[in-house]
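Biologist: I've got the sequence and the fold up on my screen. Could you walk me through what is worth looking at?

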Amino acid sequence: MSREAFIAANRFGLGPRPGELSALSGDPRGALFEQLKSGPVPTDLPGTAGALDVAGSRKAMMAEGKMDANDDGRPDNPVRELYLREVTARFDRCVASAAPLHDRLVLFWSNHFTVSVARSGVVPLAGVFEREAIAPHVTGRFEDLLTAATLHPAMLTYLDQYRSVGPNSKVGQRKDAGLNENLGREVLELHTLGVGGGYGQGDVIALARILTGWSVVTGGGDTSKRFGFDPNRHEPGDKTLVGTRIREGGEQETRDALAILARHPSTAKHLATKLVRHFVADDPPAAAVEAIAAVYLKTDGDLGAVTRAVIGLDAAWADPLAKMKTPWELTVAMARALGGEAAAIDGPLLFRRLRGLGQAPFGAPSPAGWPDRSTDWLGPDALMRRIDLGADIANKAGARLDLAALLDGTIAPVLTPAKTQFIKGAGDRASGIAMIFASPEFQQR
Amino acid sequence: MISALNRRGLLQGLLGAGLLASVPRFAYAKTPDDRRFIFIILRGGMDGLAAVPPVGDKDYVALRGPLAIAAPGQADGALPLDDRFGLHPALAPLHALWHAGQLQVVHAASTPYRDRSHFDAQNVLETGGRGPSGAGVGWLNRALGLMGGSGLGLAVNEAAPLVMSGPTQVATWVSGSGAGPSDYLLDAIDRLYADSPAFHAALATARDTEQLLADADTNAMTRQRGLGRLTPSFKGLASLMRDDRGPRIATLEVTGWDTHSAQGAATGRLAVLLGQFADALAALRKDLDPVWSKTIVVAATEFGRTAAPNGTGGTDHGTAGAAFLLGGALEGRRVITDWPGLSRDRLYEGRDLAPTTDLRSIFASVLRDHVGLPEADIRSRVFVDAGQMPFVADLVRV
């Protein structure tokens, strides 16, 4: 079983399922390239319009006095039910995936474009945002991904855009309402140019003005919200963004602005840095970042080509344990290692576990998303909870498992003979499995 | 049940006999001093002009419009501090501390950072530098190093926040930990960590913290129903810190201050959060009672918010804001400010409360006068690029 197969399955995957390491051993890089051809998996979960209807049905229940805001934890709260269905479906998708690299890219870009259930309006939308705005574009062009993510109702809600009004627009002149800079700022700072990427407060305001109009479009007495572009809220006039004049043009201004930002060299560098940090090392090697940024600029932001270039980095194949698995990655990896014997960790229990591990699903603490350095995930309390999770799963699933086979199918390629012997000699099977799950070789990728 | 001391004594006995091949365990009770310092990070940018409204400023009401807090004495009015400032009405529990001489407010304060990014601003707040740094070492971690290293610090987080990160190992703890794996299993796992120092250190620290908590029975306590959202963490921290063997320096964080829309005034979204925060501080003060006279709590945020409301009933990222100091070790009540005023020409870049006090001078003064670090060390090793930053005199009761 090769070390390169281990890296392909962990660094670029979600941890090996039984047999995956041997399947990857022949041509690990080629197998990863194959996985990139995979697309989103079909689902029976509601689309964006359906999710907005679910949000509306909660509103209707509240209007009819059937529940109030304190009842959101109730099992029949339709929003909570949809959220838990989304979390469970996402987990099942990751556990079963035959193209885990594709899922990793979805997780990466979904984190880059964070929408968080910390804002209650996002709860019914976070899952569909990832499935409809992120997943279809992760091997496509960044400009398309950026546009889809920026204009999705989940993002318009999370970063307050839907309330923003051009001060000189028809609505702005009639009502006491005005600009909200939140989305404009985060698009520049987090999603495209990055801090120090060559923009100032003037650009934040310009982009906020350009984005005015993307809002809730009211349609009668319906309790569901409909999102779209409302020209009556759009700030009139030309705007100047990072030195480029954008002619007055309603919603086209947003597309022009995002196209400019997507092609900016600062964006290339910002995205390359994040990708290399995610897939190679906490402190991304400068040469690797430059190489990836160059591919990004040369291919006009082709994320498939960019991902292939990341896989092609020698640095990505050097240290098999350079990064800490996130709590989500770790939990998925445990379930995959058990070959789908994951019934012990789904639904509300899965949610509680992940929240305890510091990564509630779709619940990042800020628009910057989950952190991506090992130290962010290796606190003493967090490690104890990681060990506890593995021990619990081992206790529930252990009786049916062959310890030696589990070892061979997961961490054996990078484990010293002494440690292998030590684990095999564990006093009972469940403890042995818990030791595998707790080992630095399993916790890292 | 074996108490922590007996258990630790047992371990030390085994170590002395050379029977236990494990590295010595992280132990808290090494500090020569018993003063406590808690640093609370208010993430998201707390609106200082709402939390501590400058009700005596002639421009306040007009500038704030619907977000203005009414003057003391009016309906839903501010709770008076002095003739210039009040507290938000949701902060009533803090007003009691003010009357007891155990609250100070810093206003028009900020870090040296001016560019309104949450993430860079928090980086500067936590690293204590002039601008954002990728070095990954926080000013409290550097202070802990000067105090004697490992065993003194605790972060109420899954992993240490930047302000506590760095070469000195700190413990972390989060409210609601379960019973956890057996000692047998943890000993075995620790052997797997023999060549992974970061894993070994984290596990050792977690085990010591759990032992301490088992003694205090904090887990049972934090499971009590009906406490505010923030209170269990604050109460858990208090029960750790009042213990002689507990941490001396701790950090906590409160999120949710990024009120871009519908923040409200005397009531509303921000008022709810301020109320939860004040309730949690009151619980902390009560549970820390045995050591309260030796305690200072500082709560600070990465930036204030725009002086005027934005177009959506909220406020956008600004510059200067307010910070709080609480504790029985404070030298009386006080508002520390060089108030710049709120007339348009006095606002920073025409939109934000102008910064006149460097937050680092507050932090540094607490480190010098309360924690007891030498000023020269603070200047050369904690806030290394703060120049000739002034210290604030008479902050602490001596």
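Biologist: Which residues have the most contacts inside the largest nonpolar core?

Modeller: Keep in mind that this is a predicted model. The largest nonpolar core has 250 residues, and helix H11 (residues 269-287) of chain B gives the most to this core, with 10 residues. Those with the most contacts inside the core are Ile134(A), Leu207(A), Ile292(A), Ile40(B), Val298(B) and Ala323(B).

Biologist: Leaving aside neighbours within four places in sequence, what is Ile134(A) in contact with?

Modeller: Ile134(A) is among the residues with the most contacts in that core. Setting aside its neighbours within four places in sequence, its contacts are Val106(A), Trp109(A), Ser110(A), Phe113(A), Phe129(A), Leu145(A) and Ala149(A).

Biologist: Over in chain B, which residue of strand S7 is the bridge partner of Phe39(B)?

Modeller: Strand S7 (residues 249-254) of chain B is mostly covered, with 5 of its 6 residues buried. Strand S5 (residues 153-155) of chain B runs parallel to S7(B), joined by 3 bridges, and there Gly153(B) pairs with Ile249(B). Strand S1 (residues 36-42) of chain B also runs parallel to S7(B), through 6 bridges. In S7(B), the partner of Phe39(B) is Thr251(B).

Biologist: Which element gives the most to the side of chain A that touches chain B?

Modeller: On this side, 39 residues of chain A are in contact with 38 residues of chain B. Elements giving two or more residues include helix H11 (182-191) and helix H22 (417-424) of chain A. The residues on that side of chain A split into 21 nonpolar, 10 polar and 8 charged. The most, 8 residues, comes from H20(A).

Terms used
Residues numbered from 1 in each chain as written. Chains lettered and ligands numbered in written order. Predicted model: local features only at pLDDT ≥ 70, side-chain atom pairs only at ≥ 80, totals over all residues. Buried ≥ 20, exposed ≤ 12 C-beta atoms within 10 Å, placed from the backbone. Helix = DSSP H or I, 4+ residues; strand = E, 2+ residues; numbered from the N terminus. Pairing = 2+ DSSP bridges. Contact = placed C-beta atoms within 7 Å. Nonpolar A, V, L, I, M, F, W, Y, C, P; charged D, E, K, R; others polar. Core = buried A, V, L, I, M, F, W, Y, C linked by C-beta atoms within 7 Å.
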